[in-house]
Amino acid sequence: MDFATFLVQCLNAVQYGLLLFLVASGLTLIFGIMGVINLAHGSFYMIGAYLAFVLAPYFGDWYLTKLLAGVVLAAVFGYLLEWAFFSFLYQREHLQQVLMTYALILVFEELRSMLVGNDVHGVQAPSWLAGGFKLGELMSYPWYRVFASVACIVLALALYGVVNRTRLGMMIRAGASNRDMVRGLGIDIQRLYRIVFAGGVALAALAGMIAAPLSSVYPGMGGSVLIICFVVVVIGGIGSITGALVASLLVGFVDTFGKVFFAEYSGIGVYLLMAVILVWRPEGLMRRSF
Amino acid sequence: MRPWIVPVAAALLLAALPAVLTPYTQDLVVKIAIYAVFALSLELLVGAAGLVSLGHAAFLGIGAYVTVMATGDGGGASALWLLPAAMGAAALYAAFVGALSLRTKGVYFIMVTLAFAQMAYFVFHDTKLGGGSDGIFLYSKPVIQFGQTVLLDLDRKPDLYYTVLAALVFTYALLGLINRSRFGHALAGIRVNEQRMRAAGYTTYGYKLAAFVIAGALAGLAGFLLAVKDGAVNPELLSWHESGAVLLMIILGGIGSLRGAVIGAMAFTLLKELFQSEALLGPLAGHWQLTLGLTIIAFVALLPKGLIGLKARLAGGAHA
């Protein structure tokens, strides 16, 4: 492997890892704050990817506007979903949440198949991000992947800012550590949860929209992302955003280089990574940060 | 009433059933009984020990794959070693997964078991081992024969039916005994308060691992039966949809009782069969995932204690 190839693979690994982080951070946020295991989180990623496909004809090259429209739709959808299905689950056991969210996956998959069919679709990257820049003699690196990485970094910083520097973030952190106290202080915790949930849905959907031109959209894409996100959350430590970031990048590298070196067995790499880390640190790499 | 009367009556009824069943309904009963074995094996983890595993299909799949792969091309293999091989392989993987995942708790445990099942899924899905994503066929069913006398040939319908029934009775009785044994009481203690059990001098990790391995072996038994019944295996057996479905069965039936697991397996299999039936539901049958999903949501909303809780609810009114 020459240096340019190595560099391209590294960039790919970082880009994939950052994308995973967007999905996994929503998952860990929803679990850490609301205590809900959301198996349907992968479906939100899938919904985002399909939104990117469905909305594309209406926006043309207004790519950022399209992303914005998709995020708004996803957030509204998440808000309504929390109101309709999740709000009565908080008092219940984890098992009931697992059951409900598993059922939601079935519903979302079937609705997807009814609305847009079971074909694999490609989504075009916007023309102003077409092409790539040269790396070494033979390699070039697509601009769209650069955009994806930068967008994820911006979002990660924004997320960090919201959680650690704003009044909303303060309420979120307080709500995570002591629900009753926050309620006692007169904060509408139900609404707070609804906002967090909508935010998590929007993050996952945005990740799906960004990923769509890279991986195309296909049935079952939500399930595979969900399980990788579980690996990320387990490695990083539940409820730790920093842990999720470190673990996402780690998984990105293991997966990308696994595909280069052990093509046939590459699917197993990240699970072996998880096994090793579990033996070493059963609680994950980082402690919960909120 | 003694607790064993209903199960024994049910077993006798099942034994007499083939006399009146059509081939289709007999197949359905076999399918339900196999899933009941599978659901019971998970009930040992979730109901008895409080360990919610979302990767139980891995053991079912490994049992099924070993059954097919160890049979080979020439004639039916002897069930006398094929069945222990299938269960043993599932138990071995369960020992590996359990040893690692039992270091974690609660939600972590759910995710870790899921991830390890997914790892096994990828082994069968991505590699040439076991025919890749297409799976493989089992051309000759297991037999038991001494010299020229064939005692059991699982290619014959009645033989399969009674073998499956025997497996269900065995599993039910075994778990019933476990629940009443010292080991079962220790598991119950761990479920309620692990701290206290450890303080009382129990090595809780060992107990949980033993439960995990037994549950894995029993899931391997279900896998063996499923492979024999269907005559084929594919990686979907190990998929997380299958793990979710079996967890669903025991929640649907009602956690914490063996009867609940069997009822849940029956209800789930029948619901799925019903929603997939074009004769009954017409074009809606093509969208069975939607109807099944919505039904489950309704169950979660209305029956937090599962179908078992329904009886109490009807009898006891508001106290259910």
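Helices (H or I, at least four residues) and strands (E, at least two) are DSSP runs, numbered from the N terminus. The structure is a predicted model, in which local features need pLDDT of at least 70, side-chain atom pairs count only at pLDDT 80 or more, and totals for chains, interfaces and linings use all residues. Residues are numbered from 1 along each chain as its sequence is written, chains are lettered from A and ligands numbered from 1 in the order in which they are written, and side-chain values use heavy atoms, with hydrogens and water left out.

Chain A contains 11 helices and two strands. Their order along the sequence is α-α-α-α-β-β-α-α-α-α-α-α-α. The radius of gyration of chain A, taken over C-alpha atoms, is 19 Å. The globule rule (2.2 Å times the number of residues to the power 0.38) also gives 19 Å for 290 residues, so chain A is as compact as a globular protein of that length. The C-alpha trace of chain A spans about 65 × 50 × 35 Å along its principal axes. Of the 290 residues in chain A, 55% are buried. Here buried means under 20% relative accessible area, exposed over 50%, and partly exposed in between (1.4 Å probe, protein chains only). Contact means heavy atoms within 4.5 Å. Among contacts in chain A with a separation of 6 or more, 77% join residues 24 or more positions apart. The accessible surface of chain A (Shrake-Rupley method, 1.4 Å probe) is about 12,400 Å². Carbon and sulfur atoms hold 67% of that surface.

Helix 1 of chain A covers residues 3-34. Its 32 residues reach 45 Å from first C-alpha to last, close to the 46 Å expected. The expected span is 1.5 Å times one less than the number of residues. Helix 1 of chain A is mostly covered, with 25 of its 32 residues buried. A:Gly35 follows this helix and has a positive phi, near 70 degrees.

The interface joins 42 residues of chain B to 45 residues of chain A. Together the two chains bury about 4,000 Å². Buried area is the accessible area (1.4 Å probe) that two parts lose on being put together, summed over both. Carbon and sulfur atoms carry 81% of the area buried between chain B and chain A. On the chain B side, B:Tyr108, B:Met111 and B:Trp240 lose the most area to chain A, together 17% of what that side buries.

Within chain B, helix 3 (residues 57-71) has 15 residues. In helix 3 of chain B, 12 of the 15 residues are buried, including B:Phe59, B:Leu60, B:Ile62 and B:Tyr65. B:Gly72 follows helix 3 of chain B with a positive phi, near 70 degrees.

B:Ser41 sits in helix 2 (residues 23-48) of chain B. B:Ser41 is buried, at 0% relative accessibility. Its side chain makes a polar contact with that of B:His56 (2.9 Å). A polar contact is a pair of N or O atoms within 3.5 Å; within protein, one must be able to donate a hydrogen and the other to accept it, and residues adjacent in sequence count only if both atoms are side-chain atoms. Beyond four places in sequence, B:Ser41 also touches B:Leu175, B:Ala215, B:Leu218 and B:Ala219.

B:Lys141 lies in the loop between strand 1 (136-137) and strand 2 (143-146) of chain B. B:Lys141 is buried, with a relative accessible area of 17%. A polar atom of its side chain lies 3.1 Å from the backbone oxygen of B:Val228. Other residues touching B:Lys141 include B:Gly76, B:Leu154 and B:Asp155.
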